[in-house]
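Let's take a walk through a two-chain model together. Have the sequence and the 3D view open, and follow along.

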Amino acid sequence: MPLVKYIQHDGSERQIEVEVGQTVMQGAVDNMIDAIAAECGGACSCATCHCYVDESWRSKVPPANDIETEMLECAVEPAAGSRLSCQITVTDELDGLVVHLPESQY
Amino acid sequence: MSIDKTDPFREARESDRTVVANYSDERIPMILRHREVRLAARDWQTYSSDAPCRVPIPEESDVRQVRQLPIEVDPPEHTDYRKLVLPFFQRPLDPTMAPKIEALVDTLLSEAMTKTSVDVVAEFALPLQSRALTHLLNMPMEESELWISWGTHVFRTGGDSLDTEQAGALDRYIEQQLDRAEDNPGADFFSELHRAQFKGRGLTREEMTGIANLTFAGGRDTIINLVSSGLGYLAQNPKALQQLRENPSLINTATEEFVRYFSPKTHIGRVATKTLDIKGEAVEVDQRVSLCWASANRDASVFEAPAEVRLDRKPNPHLGFGHGPHSCLGAPQARLVMRSVLKRLVERVSTLELITAEQAIEQIGGIERNVGFEQLHIRFSE
């Protein structure tokens, strides 16, 4: 199963196996990573599963669509690599993916 | 052609016009398209919320004196107020909350299944909303009995006129609770308002009242209408109930879709800080415009088949909880309540049968829109 590394704002790291087809958001929520709030449960309605894809992975993650791009304008402190983790589906190609989590989703 | 009262803005929205909500002393042009509503909701410098009693439409200066917080201020003050109350409004995200709300649903379902039918508005959604609020505010369950007695809308006893006597009951209640919390502090919402620090000082009584007023008024008819509308839909569409039963993982997307489709909060006001042109309607400084969430949520340029309920709609960038800095603080609570209803419903109830329904019509300055039900009698069968 692909491994996703979640790096929290305080620098602490969690490596989690996420099933292919699941989202990066789901991997975090299922493993009690509180920095991903995911209020809407993955419907791309809320922008509270914001994360930053590590620079080394940005070219490998499929780009955000228009809806996600607009939603990201509402995220707290959007920056290079900003994504909604509910919109990143884990594949074998993303084994080892590294995402950084914001201090707060609000 | 008759106007579809679930989406009375369609023609204007699709022909890129505005509609104007006409009140006796005010004309309020409405922003109708998804993209434009979003942009306005984020542009607080132009579309200001710094206007006591004038963020709701119609305005509420007859029924309250206090400025509701944080909804009736702009950033940066807004953001500081919001941070103070956020811990309470995020309590529904704690995994221990879901079983508590589901237990409330269970009690109501058990009662409903012993009866021939229940009025979902008064006998299900209203008590559920009020009892769930005790968990949000960390208050004793007994308090909900009084809140239930206030009815669906805390400022209204019927129809769309605002009710000063009813609003007075809320004012007195908030006053009493703030007094109580000052004398006997606990871990409840009112006690935390006394403890809160805003810009290095405690909150004034007026600020506490403004926060409490919004807390009680804001998430009341909206949650009741969401739950009632959702149950009304499922009673009329047995296949949808079956779909949820077969695939409970759709409960989250179904909840978002109900928020989009029914849009319990039709719109909200903003005050122009400069002259504006809303599709040919001139807006002077200090005049109001409406950000119409309900219209944006039917925008066909964003939502495929917007007039259809699709329980698996995803992505669903609806604006049912607003958008931008003022987006709904109570969204986690509303979502948890609706999801809990759906979860326990599919586990315990085999059929919902619509007995009678009386649609509620919101009067929006000459425009009529269906919002929830006056009454909705449904038979719940085990």
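What follows goes from the whole of chain B down to a few single residues, with a stop at chain A.

First, some ground rules. This is a predicted model, so to speak of local features we need pLDDT of at least 70, side-chain atom pairs count only at pLDDT 80 or more, and totals for chains, interfaces and linings use all residues. Residues are numbered from 1 along each chain as its sequence is written, while chains are lettered from A and ligands numbered from 1 in the order in which they are written.

**Chain B as a whole**

Chain B has 14 helices and 12 strands; these are DSSP runs numbered from the N terminus, with helices being H or I of at least four residues and strands E of at least two. Its radius of gyration is 20 Å, close to the 21 Å that the globule rule gives for 382 residues, so chain B is as compact as a globular protein of that length. (That radius is taken over C-alpha atoms, and the rule is 2.2 Å times the number of residues to the power 0.38.) Along the principal axes, the C-alpha atoms of chain B fill a box of roughly 60 × 55 × 35 Å.

How much of chain B is buried? Of its 382 residues, 47% are. Buried means 20 or more other C-beta atoms within 10 Å of a residue's own, exposed means 12 or fewer, and partly exposed is in between, with C-beta atoms placed from the backbone.

Five strands of chain B form an open sheet in the order β1-β2-β10-β7-β3, with mixed pairing. Two strands pair if DSSP finds at least two bridges between them. At the edges stand β1 (19-23) and β3 of chain B, each with a single partner strand, so one side of each has no neighbour in the sheet. Five bridges join β1(B) to β2 (residues 26-31) of chain B, and the two run antiparallel. Here Val19(B) stands opposite Met30(B) in β2(B).

Now zoom in on Ser48(B), found in strand β3 (residues 47-48) of chain B. Ser48(B) is buried, with 20 other C-beta atoms within 10 Å. Leaving aside neighbours within four places in sequence, Ser48(B) is in contact (C-beta atoms, placed from the backbone, within 7 Å) with Asp74(B), Arg270(B), Val271(B) and Thr273(B).

**A bent helix**

Helix α3 (residues 77-89) of chain B bends by about 35° at Lys83(B), and Pro87(B) follows within four residues. The bend is the angle between axes fitted to the seven residues ending there and the seven starting there. Which residues of α3(B) are buried? They are Tyr81(B), Arg82(B), Val85(B) and Phe89(B). Their cover includes β5 (197-198), α9 (205-218) and α14 (331-348) of chain B.

Most residues other than glycine have a negative phi, and most peptide bonds are trans.

| Peptide bond | Omega |
|---|---|
| Ile57(B) to Pro58(B) | near -5° |
| Lys314(B) to Pro315(B) | near 0° |

Pro58(B) is in the loop between β3 and α3 of chain B, and Pro315(B) lies in the loop between α13 (293-296) and α14 of chain B.

Over in chain A, Ala47(A) has a positive phi near 60° and is buried, with 26 other C-beta atoms within 10 Å. Glu77(A) has a positive phi of about 50°, but Glu77(A) counts as exposed, with 10 C-beta neighbours inside 10 Å.

Terms used. Two residues are in contact if their C-beta atoms, placed from the backbone, lie within 7 Å.
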